[in-house]
Amino acid sequence: MKQLAATATLPAWERAEFESRLRAKGAGYHIHHPFNVKMNDGLLNPDQVRGWIANRFYYQINIPQKDGAIIANCPDRETRRKWVQRILDHDGWEDNAGGIEAWSRLASAAGIPREELWSLQHVAPGVRFAVDAYVNFARRAPWQEAVCSSLTEMFAPKIHKDRLANWPQHYRWIESDGLQYFRSRISLAERDVEHGLQVTLDHFVTRVQQERALEILQFKLDVLWSMLDAIDKAYP
C-alpha cells in the first residue's frame with residue numbers, strides 16, 4: 001500500500017518517455033527464449049519444429065476471440081472499426097484466406113496433416129493454460145488494458161524477419177510457400193502497433209496508470225514466454 005501511495009504522488013512520464021519504457025520491455029520478448037534461439041539457429045529437429053507449429057496454432061486460433069472480446073467491451077465506434085480488421089486478418093474474408101489458414105499451410109508444409117493440426121491433439125497443457133489466460137484477460141479487463149496487452153506486436157516484425165532469413169537454410173525440408181504467414185505479418189504488425197500504441201499512450205496518462213500499462217505488457221510477455229517453456233518441455 002505504501003508503494004502504491006508513493007507511486008501515486010509521482011509525476012506522469014512524458015509521452016515519449018512512456019513509449020520508450022514500453023518498448024524497453026522488448027528485452028523480455030520470447031525472441032530471447034532459449035527454445036526460440038535454438039530454432040533460429042537451426043538447432044531443432046523436425047519433431048521439435050512441428051511441435052512448436054502445432055502448439056502455436058492454438059494461440060493463432062484464439063487471437064480473433066481475444067480481439068472480439070476487446071470489441072465487445074469497447075463503446076467507441078471508431079476504435080471498433082479499426083480493431084475489427086485484426087479479426088479479418090486472422091479469420092479471413094472473401095478471397096483472403098487469413099492468417100489462421102496461412103498458419104495451417106505452414107503446418108502442412110512442415111508435414112503436419114490438416115486434420116491432426118485442427119484436432120489440437122498436440123497442444124501442451126501449459127500452452128493451453130497460457131493462451132486461455134490471455135483470452136480471459138481480454139474478456140474481463142477494460143478494453144484499453146486489453147489493447148495495451150497487444151503491444152508485444154512492437155517486437156514481432158524482428159522475429160518474423162529472423163525466421164524468413166534463417167528457416168530456408170536451416171529447415172529446407174519445409175516447403176517455402178509455407179512461410180507466407182511470416183511474410184504477411186511484418187507489415188500487419190507494424191500497422192496494428194500504430195493504433196494500439198496510440199490508444200495506450202492516450203489512455204494511460206497518470207503515473208499509476210502508466211505503471212499499470214507496463215505490468216499489463218509484462219503479463220503478455222509472460223504468456224508468450226510460458227508458451228515456449230511448455231513447448232520446450234514437451235519436445236526436449
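Helix α6 is mostly covered, with nine of its twelve residues buried. Buried means under 20% relative accessible area; exposed means over 50%, and partly exposed lies in between (1.4 Å probe, protein chains only). Helices here are DSSP runs of H or I with at least four residues, numbered from the N terminus. This is a predicted model: local features need pLDDT of at least 70, side-chain atom pairs count only at pLDDT 80 or more, and totals for chains, interfaces and linings use all residues. Residues are numbered from 1 along each chain as its sequence is written, and side-chain values use heavy atoms, leaving out hydrogens and water.

The buried residues of α6 are Gly98, Gly99, Ile100, Ala102, Trp103, Ser104, Leu106, Ala107 and Ala109. Their cover includes α4, α5 (77–91), α7 (114–118), α10 (156–170) and α11 (180–203). From its first C-alpha to its last, α6 reaches 17 Å. That is close to the expected 16 Å at 1.5 Å a residue, where the expected span is 1.5 Å times one less than the number of residues. After α6 comes Gly111, with a positive phi near 95°.

Ser104 sits in α6, which covers residues 98–109. Is Ser104 buried or exposed? Ser104 is buried, because its relative accessible area is 1%. Setting aside residues up to four places away in sequence, Ser104 touches Arg114, Leu117 and Trp118. Contact means heavy atoms within 4.5 Å.

Ser149 belongs to helix α9, residues 143–149. Ser149 has 0% relative accessibility, so Ser149 counts as buried. Beyond its neighbours within four places in sequence, Ser149 is in contact with Tyr134, Phe137, Ile216 and Lys220. Ser149 and Glu116 are 33 residues apart in sequence, and their C-alpha atoms are 30 Å apart in space.

## The nonpolar cores

In soluble globular proteins, nonpolar side chains tend to be buried together. A nonpolar core is a set of buried Ala, Val, Leu, Ile, Met, Phe, Trp, Tyr and Cys residues joined through side-chain atoms within 4.5 Å. Which members of the largest core touch the most other members? Among its 64 residues, they are Leu22, Trp52, Ile53 and Trp167. At least two residues each come from α2 (15–24), α3 (34–40), α4, α6, α8 (125–140), α10, α11 and α12. Helix α12 gives the most to this core, eleven residues.

Leu22 shows what such a member meets. Leaving out neighbours within four places in sequence, Leu22 contacts Leu151, Met154, Phe155, Leu197, Thr200, Leu201, Ala213, Leu214 and Leu217. Another core, of eleven residues, lies apart from the largest one. Its members include Ile71, Ile87, Ala138 and Trp143.

## Two packed helices

Helix α4 (residues 46–73) packs with helix α12 (residues 207–234) at about 145°, and their axes are 10 Å apart. The axes are lines fitted to C-alpha atoms over the stretch in contact, and angles run from 0 to 180 degrees between N-to-C directions. From α4, the contact uses Gly51, Trp52, Asn55, Arg56 and Tyr59. From α12, it uses Lys220, Leu224, Met227, Leu228 and Ile231.

## A positive phi in a loop

Leu120 is found in the loop between α7 and α8. Its phi is near 65°, a positive value in a residue other than glycine. Leu120 is buried, because its relative accessible area is 18%.
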